[in-house]
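These are my notebook entries on one protein model. I set down each thing that I looked up, in the order in which I looked.

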Amino acid sequence: MHQPPNPPVLYSFPSASDLSPALAQFIAKAQKESLEKKGRFTVALSGGSLPKQLKDLIGNAAIKWDKWQVFYADERVVPLDHPDSNHHLCMSELFEHVPIPHQNIHTLDPTFLDDLEELSDAYEQQLIREFAQRDTARFPIFDLILLGIGPDGHTCSLFPGHELLREEDRWVAYIENSPKPPPKRITFTFPVVNHAARVAFVATGEGKVDILSDVLDYPEKGLPSSRVRPAYPGQLYWFVDDSASAKVQYPKSPFSL
Ligand SMILES: O=C(O)[C@H](O)[C@@H](O)[C@H](O)[C@H](O)COP(=O)(O)O
């Protein structure tokens with residue numbers, strides 16, 4: 001029987017530094033469940049302020065780094081060592097400090113930086129290699145996708161009013177006109193995000209106060225972040241701090257694993 005998506009679970013913490021250890025526990029639990037089921041853990045990360053919030057994974061004995069397969073939910077089209085690169089950011093905030101095998105981190109192919117079509121196709125092929133050989137589903141089923149939200153309600157590189165919001169087939173798409181610089185990016189599409197087993201938004205600070213209320217209290221506005229509704233039995237979580245959630249009416253849940 002076709003079930004509607006589960007309602008989002010909202011966790012709000014007194015501050016960003018209270019959020020990070022809880023997020024690390026949540027990720028460790030998701031990893032444990034995935035390893036018990038299939039011996040690997042597939043994770044996608046975004047850029048922005050998210051990688052900093054993952055600092056409590058560093059030195060965490062529960063994390064089996066060699067079992068992680070990491071992808072980027074969106075990536076800026078710049079060389080991998082460029083300061084704008086999400087990969088570069090995730091390396092410096094997290095991966096340089098933990099024993100993850102480098103071949104488990106799936107970056108964009110820097111030989112295609114001048115051809116966005118080739119670049120996004122090549123990234124889609126990396127996903128196909130990881131997922132299509134193991135699952136028969138039409139879209140990859142990530143164990144966990146971690147996302148940020150922009151003040152306009154964008155997530156990944158899926159911006160309000162953009163034609164990519166209607167993409168139904170591709171796994172990875174590109175944009176050339178991102179309102180947030182840099183303008184060229186590749187991004188997961190909504191079908192990929194919405195097939196994940198778990199998606200968690202991480203948002204902190206007063207700068208997010210209006211958009212959080214728009215997205216959680218008025219989903220009918222159809223902002224990109226409101227369209228993140230993983231299909232049943234998938235689950236959407238919000239990890240936010242009290243400054244970001246100050247205006248939200250949507251019910252908060254006490255954090256529990
Ligand atoms: O490449 C990017 O720019 C990000 O992946 C993007 O989707 C980000 O997550 C949001 O813009 C939130 O960014 P902040 O967390 O910095 O507000």
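**Entry 1. Terms and ground rules.** I count two strands as paired if DSSP finds at least two bridges between them. Helices (H or I, at least four residues) and strands (E, at least two) are DSSP runs, numbered from the N terminus. The model is predicted, and I note that local features need pLDDT of at least 70, that side-chain atom pairs count only at pLDDT 80 or more, and that totals for chains, interfaces and linings use all residues. Residues are numbered from 1 along each chain as its sequence is written.

**Entry 2. The antiparallel sheet.** I looked up β6 and β7 and found that they pair in the antiparallel sense over 4 bridges. In this pairing I175 stands opposite R185 in β7. Strand β4 (residues 74-76) also pairs with β7 in the antiparallel sense, over 3 bridges. There, D74 has T187 of β7 as its bridge partner, and E75 has I186.

**Entry 3. The faces of β7.** Are the residues on the faces of β7 buried or exposed? A residue is buried if 20 or more other C-beta atoms lie within 10 Å of its own, exposed if 12 or fewer, and partly exposed in between, with C-beta atoms placed from the backbone. I found both faces of β7 covered: R185 and T187 are buried on one side, and I186 and F188 on the other.

**Entry 4. The parallel sheet.** I then turned to the other sheet. It is open, has 6 strands in the order β1-β9-β8-β5-β2-β3, and its pairing is parallel. β1 and β3 (68-72) stand at the edges with a single partner strand each, so one side of each has no neighbour in the sheet. I looked closely at one pair: 6 bridges join β8 to β9, and A200 has Y237 in β9 as its bridge partner.

**Entry 5. Helix α1.** Just after α1, G39 takes a positive phi of about 75°. α1 lies across β1, β2, β5, β8 and β9, and runs at about 160° to β9. Which residues of α1 are buried? I listed L19, S20, L23, I27, A30, Q31 and S34. Their cover includes β1 (9-13), β2 (41-45), β5 (144-147), β8 (198-203) and β9 (235-241).

**Entry 6. The loop between β5 and β6.** I picked out two residues in this loop, C156 and E167. C156 has a positive phi of about 45° although it is not a glycine. With 29 C-beta neighbours inside 10 Å, C156 counts as buried, whereas E167, with 18, counts as partly exposed. Leaving out residues up to four places away in sequence, I found E167 touching A173, T189 and F190 (contact requires C-beta atoms, placed from the backbone, within 7 Å).

**Entry 7. Cis peptide bonds.** I noted a cis bond between P181 and P182, with omega about -5°; P182 is in the loop between β6 and β7. The bond from Y232 to P233 is also cis, with omega near 5°, and P233 is in the loop between α5 (209-217) and β9.

**Entry 8. The ligand.** How many residues surround the ligand? I found 15, the closest being S46, G47, G48, S49 and G148; a residue qualifies if its C-beta atom, placed from the backbone, lies within 6 Å. The shell divides into 3 nonpolar, 9 polar and 3 charged residues. In this division Ala, Val, Leu, Ile, Met, Phe, Trp, Tyr, Cys and Pro count as nonpolar, Asp, Glu, Lys and Arg as charged, and the others, Gly among them, as polar.

Notes: Two residues are in contact if their C-beta atoms, placed from the backbone, lie within 7 Å. Axes are lines fitted to C-alpha atoms, for helices over the stretch in contact, and angles run from 0 to 180 degrees between N-to-C directions.
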